[in-house]
Amino acid sequence: MFELLAYERFRDTPAVRFFDVTVDTSNARDLVIHSGPAVSPPNDAASGAWQFYLHPHQEDNLLAASGGRTFYLVNLAWDQPFHIVRLDSGGDILRIPPGTFHRSVSDPDGSVVLNQAVREEGVSLVQEFRVYNSARIPALLAVTSIQAPPPRLHGVEPLLQAA
Ligand SMILES: [Fe+2]
């Protein structure tokens, strides 16, 4: 399963926020900046289908340093395979295990996310950052379709249905 990790907050005031966010096991750092309401990876241009990353050999440890971002997680080995997790600026670190499909959507003003990854030695970055189109993966499409059981929400308000 994914995890939400707390960390030490030395100072957390409206004017100054100062945290120790060290992930001891991390051996790679990625900084991902969305300057607007970006979707990563972007939806398939032709069909509009959701697309996902999946790292075979990398654990992600994601901290929103600025702005907010919502993560869609699918792992076909989990009892409940589909989760939507909200990351707010300065909130918990989201740990995504290898083998988990994931995509993210930034808030309208964008977001800055620090990933303290744990990457196996000698892996191919091309393979780790492959994009998977849900329209071409029947099991992934089935779990995320509107007919499937709804995702479990974590820090996300349920969408209001239009009347
Ligand atoms: Fe990732």
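Two strands are taken to pair if DSSP finds at least two bridges between them. Helices (H or I, at least four residues) and strands (E, at least two) are themselves DSSP runs, numbered from the N terminus. The structure described here is a predicted model, in which local features need pLDDT of at least 70, side-chain atom pairs count only at pLDDT 80 or more, and totals for chains, interfaces and linings use all residues. Residues are numbered from 1 along each chain as its sequence is written.

The chain contains two helices and 12 strands, and the order of these elements from the N terminus is β-β-β-β-β-β-β-β-β-β-α-β-α-β. Along the principal axes, the C-alpha atoms occupy a box of roughly 50 × 45 × 30 Å. The radius of gyration, taken over C-alpha atoms, is compared with a globule rule of 2.2 Å times the number of residues to the power 0.38. For 163 residues a compact globule would have a value near 15 Å, and the 16 Å of the chain agrees with this. Two residues are in contact if their C-beta atoms, placed from the backbone, lie within 7 Å. Of the contacts with a separation of 6 or more, 79% link residues 24 or more positions apart.

A residue is classed as buried if 20 or more other C-beta atoms lie within 10 Å of its own, as exposed if 12 or fewer do, and as partly exposed in between, with C-beta atoms placed from the backbone. Buried residues account for 25% of the 163 residues. Strand S7 is largely enclosed by the rest of the structure, because 12 of its 17 residues are buried. S7 pairs in the antiparallel sense with S10 through 13 bridges, and histidine 102 in S10 is the bridge partner of leucine 73. Antiparallel pairing also joins S7 to S8 over six bridges, with tyrosine 72 opposite isoleucine 84 in S8. Three bridges connect S7 to S9, again antiparallel, and here leucine 62 faces leucine 94 of S9.

A nonpolar core is defined as a set of buried Ala, Val, Leu, Ile, Met, Phe, Trp, Tyr and Cys residues joined through C-beta atoms within 7 Å. The largest such core comprises 19 residues, and Leu62, Val74, Leu87 and Leu94 have the most contacts inside it. Two or more residues are contributed by each of strand S7 (58-74), strand S8 (82-87), strand S9 (93-96), strand S10 (101-119) and helix H2 (138-144). S7 supplies the largest share, six residues. Beyond its neighbours within four places in sequence, leucine 87 is in contact with Leu62, Ala64, Gly68, Arg69, Phe71 and Leu94.

Alanine 6 lies in the loop between strand S1 (3-5) and strand S2 (8-12) and is exposed, because 8 other C-beta atoms are within 10 Å. Its C-alpha atom is 14 Å from that of arginine 86, a residue 80 positions away in sequence. Arginine 17 belongs to strand S3 (residues 17-20) and is partly exposed, because it has 13 C-beta neighbours inside 10 Å. When neighbours within four places in sequence are left aside, arginine 17 is in contact with Arg11, Asp12 and Gly90. Proline 41 is located in the loop between strand S5 (39-40) and strand S6 (51-53), and the peptide bond from serine 40 to proline 41 is cis, with omega near -10°.
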